[in-house]
Amino acid sequence: MKNYTAIIEKCHDTGLYVGFIPGFAGAHTQAETLDELNKNLREVIEMLLEDGEPILEAEFIGTQNVVVA
């Protein structure tokens with residue numbers, strides 16, 4: 001079993017949640033709910049893994065707050 005970290009944003013224009021896996025080319029999707037987004041991401045990842053284990057272009061490290069005066 002593999003564990004991937006997804007970045008999730010909400011598009012203000014469409015109201016949809018958008019998710020992607022950093023460094024995993026093609027691993028992105030969108031949905032109306034977070035539950036649906038998680039399901040879609042799992043499906044996309046499973047489909048991409050059919051071609052073999054990916055070589056990730058980047059590794060998710062974390063987030064940072066940046067304060068600007």
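A pocket is an open set of grid points with protein on both sides within 12 Å along at least five of seven lines, and its lining residues have an atom within 4 Å of a point. By this definition, Lys2, Asn3, Tyr4, Thr5, Ile21, Pro22, Glu53, Leu56, Ala58, Glu59 and Phe60 line the second largest pocket of this protein. The model described here is a predicted one.

**Overall layout**

The protein has 69 residues, and 22% of them are buried. Its C-alpha atoms fill a box of roughly 45 × 25 × 20 Å, taken along the principal axes. Of the contacts between residues at least 6 apart in sequence, 28% join residues at least 24 apart.

**The sheet and the helix**

Strands in a sheet pair through backbone hydrogen bonds, and the pairing can be parallel or antiparallel. Here the three strands form an open sheet in the order β1-β2-β3, with antiparallel pairing. The edge strands are β1 (7-10) and β3 (28-31), each of which pairs on one side only. From one strand to the next, the twist averages 20 degrees.

Strand β2 covers residues 17-20 and runs antiparallel to β1, to which it is joined by four bridges. Along this pair, Glu9 stands opposite Val18 in β2, and Lys10 stands opposite Tyr17 in β2. The two strands form a hairpin with six residues between them. In the turn of this hairpin, Gly15 has a positive phi of about 80 degrees.

Helix α1 spans residues 34-49 and lies across β1, β2 and β3. The helix runs at about 155 degrees to β3.

Rolling a probe the size of a water molecule over the atoms shows where empty space is left.

| Pocket | Volume | Lining by class |
|---|---|---|
| Largest pocket | about 290 Å³ | ten nonpolar, two polar and three charged residues |
| Second largest pocket | about 160 Å³ | six nonpolar, two polar and three charged residues |

The lining of the largest pocket consists of 15 residues, and those nearest its centre are Lys2, Tyr4, Leu41, Arg42 and Ile45. Helix α1 gives the largest share of this lining, with eight residues.

Lys2 and Tyr4 also belong to the lining of the second largest pocket. Other residues of that lining include Ile21, Pro22 and Ala58.

**Ala58**

Ala58 lies in the segment after α1. Is this residue buried, exposed or partly exposed? Buried means under 20% relative accessible area and exposed means over 50%, so Ala58, at 40% relative accessibility, counts as partly exposed.

Which residues does Ala58 touch, not counting those up to four places away in sequence? They are Pro22 and Gly23.

Ile45 is one of the residues nearest the centre of the largest pocket. The C-alpha atoms of Ala58 and Ile45 are separated by 16 Å, and the two residues are 13 residues apart along the chain.

Note on methods
Residues numbered from 1 in each chain as written. Predicted model: local features only at pLDDT ≥ 70, side-chain atom pairs only at ≥ 80, totals over all residues. Heavy atoms only, no water. Pairing = 2+ DSSP bridges. Axes fitted to C-alpha atoms, helices over the stretch in contact; angles between N-to-C directions. Contact = heavy atoms within 4.5 Å. Buried < 20%, exposed > 50% of the residue type's maximum accessible area, 1.4 Å probe, protein only. 1 Å grid on protein atoms, 1.4 Å probe; cavity = no way out; pocket = protein on both sides within 12 Å on 5 of 7 lines; lining within 4 Å. Points joined across faces, edges and corners; volume = space filled by probe spheres on them. Nonpolar A, V, L, I, M, F, W, Y, C, P; charged D, E, K, R; others polar.
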